[in-house]
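Here is a friendly briefing to read alongside the model. Have the viewer open and follow the topics in order.

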Protein chains: 2
Amino acid sequence: MRQQSKIQVTVGDAVIGGSKPLICLSLVGAAKEEIITEAGLLVAMEPDLLEWRVDAYDKVENIEDCLTVLKELRTNICEIPLIFTCRIDLEGGIAKISRQKRLELITAAIETGDVDIVDIELCNDAEFVEEIRNIAILHGVKLIFSYHNFKETPSESFIYQKLVEAQTAGADISKLAVMPKTYQDVLTLLSATNKARNGEVHGPIVTMSMGEEGAVSRLAGGLFGSDITFAVGVKSSAPGQIPIKDLKESMVVLFRSE
Amino acid sequence: MRQQSKIQVTVGDAVIGGSKPLICLSLVGAAKEEIITEAGLLVAMEPDLLEWRVDAYDKVENIEDCLTVLKELRTNICEIPLIFTCRIDLEGGIAKISRQKRLELITAAIETGDVDIVDIELCNDAEFVEEIRNIAILHGVKLIFSYHNFKETPSESFIYQKLVEAQTAGADISKLAVMPKTYQDVLTLLSATNKARNGEVHGPIVTMSMGEEGAVSRLAGGLFGSDITFAVGVKSSAPGQIPIKDLKESMVVLFRSE
């Protein structure tokens, strides 16, 4: 049996940190119509969670347009919990958008009541993080604080500390994605995750080793304490993701008795 | 891409240590008829290798009976490479059979030309190992020297050293199966395997973390240097094995591009 998180995050029907790792699909369309069409396709694949990568939207800088898409998305995806993520180019995302504009966008999105979880990078300045945190708490929206490294896999203790740091900064969910150069790097990520789950991180954890070598972490990471895995629906949102159909079938084998 | 072994072992169509980990099914029937029926069922499941656990045979002490079954088995399984294993009770196997009788049985089996690989425990005395080694070399039969621990998972360096020790003793293939108490133990086994593959062990390696927690090692161990995984055909031969159909489907996901 996998070790559940000490504190779980429940959003609608989704228990994050519970007996099974959850599967999330990302909406990564650029045009509004594309995003809405994608949403319909992804819903049919029955993910546990959806993420809107608003940074991929071609009108991300227009808050009104973003909120219009968000409203339509919420209607289309019904009760599926939605993660709202605006990852800028410097963070490995797509949008070039100013700090102030991003803060306004995320705040406005939270205020609509149409998003359940917001994901921001832990490397943002403390004031930015604090402002988002306050508005999120006010509206009952949960927070993912994340760390990405698209170049390499840091040491086990660095990864462990980053997950603790996210928690200390007020994250409901600590997320970390790193790039392996070797299969040993994949084991380093899994080991750090397992130690965080059995150690100081009390809330849900989301970790992944990216790229081809790391694909196994997307399938089996749940055994070692990762509570959400991102799969490919229509298009992948990060390297190494597995198509949701294959992932579901293989996860049944590993999480059979849970 | 998984790291292949520096020295591969080719038996018929099976390349052990090659681009893909191979799947082996074990014959564990007690009565002759049962074993032969089981063989037919297992062949239909298209494993890469078959293992006859002769220690499960109810007439294991009668060498003539064993050879009769072996002959019939060979006819039934056609060209599928066959591992011949007589694991005694003290080694986690079934048979209570004397050292001398076992030596005679294995020697006779090798001499028939009907077995391709013989698996013996590394903990046997040096003279026993040496005798089997000489007769195996004479008949072109490959050797697995194995270490089992059904109680716990030793340290990473112990596991690494056991795999090296098997090679030093003359094994063509080094095998080790240990029992995890935690998911960290599973990572210890995978890490030791990966280091052996990239380190001093030049031939194929077979490792597994047993039990429910270790099942992931049977599916993904090939990424970290394990070259054969044992699946369930009709009956499992060790705890934590996955049914071959499920294992094949999930391995396609992990070893897609290889």
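The buried residues of helix α7 of chain A pack against α6 (183-198), β9 (205-209), β10 (228-231) and α8 (244-254) of chain A, together with α7 and α8 of chain B. Helices (H or I, at least four residues) and strands (E, at least two) are DSSP runs, numbered from the N terminus. This is a predicted model, in which local features need pLDDT of at least 70 and side-chain atom pairs count only at pLDDT 80 or more, while totals for chains, interfaces and linings use all residues. Residues are numbered from 1 along each chain as its sequence is written, chains are lettered from A and ligands numbered from 1 in the order in which they are written, and side-chain values use heavy atoms, with hydrogens and water left out.

**Helix α7 of chain A**

- Eight of the 10 residues of α7(A) (residues 211-220) are buried, so the helix is largely enclosed by the rest of the structure.
- Buried here means under 20% relative accessible area, exposed means over 50%, and partly exposed lies in between (1.4 Å probe, protein chains only).
- The buried set in α7(A) is made up of A:Gly211, A:Gly214, A:Ala215, A:Val216, A:Ser217, A:Arg218, A:Leu219 and A:Ala220.

**Where the two chains meet**

- On chain B, 28 residues are in contact (heavy atoms within 4.5 Å) with 28 residues of chain A.
- The two chains bury about 2200 Å² between them, 61% of it on carbon and sulfur atoms.
- Buried area is the accessible area (1.4 Å probe) that two parts lose on being put together, summed over both.
- B:Tyr183, B:Gln184 and B:Leu187 supply 26% of the area that chain B buries against chain A, more than any other three residues.
- Three helices of chain B, α6 (183-197), α7 (211-220) and α8 (244-254), each supply at least two residues of the side that touches chain A.
- The most comes from α6(B), with eight residues.
- By type, the residues on this side of chain B divide into 15 nonpolar, five polar and eight charged.
- In that division, Ala, Val, Leu, Ile, Met, Phe, Trp, Tyr, Cys and Pro count as nonpolar, Asp, Glu, Lys and Arg as charged, and the others, Gly among them, as polar.
- How many salt bridges are there between chain B and chain A? The count is zero, a salt bridge being a side-chain nitrogen of Lys or Arg within 4 Å of a carboxyl oxygen of Asp or Glu.
- Seven residue pairs, both at pLDDT 80 or more, are in polar contact between the chains.
- A polar contact is a pair of N or O atoms within 3.5 Å; within protein, one must be able to donate a hydrogen and the other to accept it, and residues adjacent in sequence count only if both atoms are side-chain atoms.
- A:Asn194, in helix α6 of chain A, counts as buried at 7% relative accessibility.
- Beyond its neighbours within four places in sequence, A:Asn194 is in contact with A:Phe224, B:Tyr183 and B:Gln184.

**Strand β3 of chain B**

- All six residues of β3(B) (residues 22-27) are buried: six of six.
- In a regular strand the side chains alternate between the two faces of the sheet.
- Both faces of β3(B) are covered, with B:Leu22, B:Cys24 and B:Ser26 buried on one side and B:Ile23, B:Leu25 and B:Leu27 buried on the other.
- β3(B) runs parallel to β10(B) (residues 228-231) and is joined to that strand by four bridges; B:Ile23 has B:Thr229 as its bridge partner there.
- With β4(B) (residues 49-53), β3(B) also pairs in the parallel sense over four bridges, and B:Cys24 stands opposite B:Leu49.
- Two strands pair if DSSP finds at least two bridges between them.

**Loop residues to look at**

- B:Phe150 sits in the loop between β7 (142-149) and α5 (156-168) of chain B and is partly exposed, with a relative accessible area of 36%.
- Leaving aside its neighbours within four places in sequence, B:Phe150 is in contact with B:Glu91, B:Gly92, B:Met179 and B:Met210.
- A:Cys78 has a phi near 55°, a positive value in a residue other than glycine, and lies in the loop between α2 (63-77) and β5 (82-85) of chain A.
- B:Glu46 likewise has a phi near 55°; at 58% relative accessibility, B:Glu46 counts as exposed.
- A:Asp13, in the loop between β1 (9-11) and β2 (14-16) of chain A, is exposed, with a relative accessible area of 81%.
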